[in-house]
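Biologist: Could you walk me through how to read a model like this one?

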Amino acid sequence: MTAPAGPMSPEHLAERLRDGDMRSLARVLTWVERRADGFETLLGVLLPHAGRAQLVGISGPPGAGKSTLIGRLVEQYGTVQRVAVLSVDPTSVVSGGALLGDRIRMTDVSLADNVFVRSVATRGTAGGLSLACWDLALVLDAAGYDPILIETVGAGQGETEVRYLADTTVQVEAPGLGDHVQALKAGMLEVSDIVVVNKADRPNSAQTAARIRQTLALGMETGLAPHAFHGQANDTERGWVQPILLTDALAGTGIDELQARIAEHRDWLCASGVRGDVERRRAARLLNLLVDQGWQARRRAMLEVAGWEDAVEAVVVREQEPHAAARRLLQRVFGDGSGS
Amino acid sequence: MSGSPPFRILVAKLGLDGHDRGAKVIARGLRDRGFEVIYTGIRQTPAMVARAALQEDVDLLAISILSGAHNTLVPRVINLLREQGQADVPVLLGGIIPEADRPAMRAAGVAEIFGPGTTIGETADWILAALGRDE
């Protein structure tokens, strides 16, 4: 399958999407995810209709309750507006297949006509997102879904890619998943806009929230407040302090509060002017990812010519020190002193 | 299956029985053979299964059912698929389907029925053949 059935123009398809035709939307998502012929033209047609939705990234370790929480959020949003979920699960590096199981936690909402849930496999992209997610989010945005909730793979320490795609990031933690040192490390916690401690029915949930609060407060003292990257003023100085919320997704408690905070963050993004920064950051990141992808394909061929196999062999037999071998390869590729 | 995008398969537990060991083994086994498998979880209604197949734009639907309600539920799913423009999605049936019921299931549009004892390999090979791609 490449394009949706029928001799339908991209303009016509775009119209069908905005009319809420789920079949067309589902097929366009497949088309775009597979990067089948004509997908760039289609994205170009959809582009002017996108840019309205709030993209909300939901991250957290496996088992924290992300899917259940999203199910609850969708239940609430779905009564008044069209809401979409992109749910990302990992692709097996061995088989290339994937088991996508997040719908299991969202069955209560699966029949609402305002709700669209799509499962996505990472297909070899690192960072907790699939590269296709950027395009898929654009399609859902153009189709009129708002917000779009993006559930990353079970993650939290290294998988922070979603912060570039999303307007708002929610980090979901749960009690009992690690000691105090885990909270002191790094990861999504320090770059998320909202922190949720789910499974609040558990006895040590308040303690977990307190530890997270301490860690984040320590970050403030040492000047590492959230979003203090790219040399910009951090978000705290511009008026956003990460709320730490307690939820019990199974019972449905704390969901109203989370929904309110997500809306509040959107309002703050607009009022503070940070939204412009977010959009610039998002655009630059996507361009960077796409250029990198093309670059890597060409890089391989250039390195072959520069003597890749010999270099590997020299490192294997310990004849060359790896850093020096890498530098020599780069020098041969660029014919200069780069790579030092 | 390298080079081309993986096929997407919905594994659905239709009806009220909660015995999904078989469905989970199939889901994991097909994942190991390179498919992207979306698993619905247990106790799905025909409408829920059809909606998931629609939104996920799957290439194939594999239904697992052990409760004996297949005669009622499976044709409903297939009718919904047709109504929503997915008549071309092959439907596989697994679980406990008595021999006497099989002709009716096939007449309703089920492409193939796999009972206990079927290996993952047989199922995967059948799917690849049905979807027109050899490994």
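Biologist: Leaving aside neighbours within four places in sequence, which residues is Ile150(A) in contact with?

Modeller: Some ground rules to begin with. Residues are numbered from 1 along each chain as its sequence is written, with chains lettered from A and ligands numbered from 1 in the order in which they are written. This is a predicted model, where local features need pLDDT of at least 70 and side-chain atom pairs count only at pLDDT 80 or more, while totals for chains, interfaces and linings use all residues. Two residues are in contact if their C-beta atoms, placed from the backbone, lie within 7 Å. Ile150(A) touches Leu55(A), Val56(A), Gly57(A), Ile58(A), Leu86(A), Cys133(A), Ala137(A), Val162(A), Leu165(A) and Ala166(A).

Biologist: Which residues touch the most other members of the largest nonpolar core?

Modeller: A core here is a set of buried Ala, Val, Leu, Ile, Met, Phe, Trp, Tyr and Cys residues joined through C-beta atoms within 7 Å. Buried means 20 or more other C-beta atoms within 10 Å of a residue's own, exposed 12 or fewer, partly exposed in between, with C-beta atoms placed from the backbone. The largest core has 110 residues, and Ile148(A), Ile150(A), Val37(B) and Ile63(B) touch the most other members. Helix H5 of chain A, residues 132-142, gives the most to this core, with 8 residues. Helices (H or I, at least four residues) and strands (E, at least two) are DSSP runs, numbered from the N terminus.

Biologist: How many residues of chain A are in contact with chain B?

Modeller: 25 residues of chain A meet 28 of chain B. H2(A) gives the most to chain A's side, with 6 residues.

Biologist: What is the average pLDDT of chain A?

Modeller: pLDDT is the predictor's confidence in each residue, from 0 to 100. Chain A averages 86, and 86% of the residues score at least 70. Over residues 227-233 of chain A the pLDDT is below 50. Where pLDDT is low, the predicted coordinates should not be read in detail.
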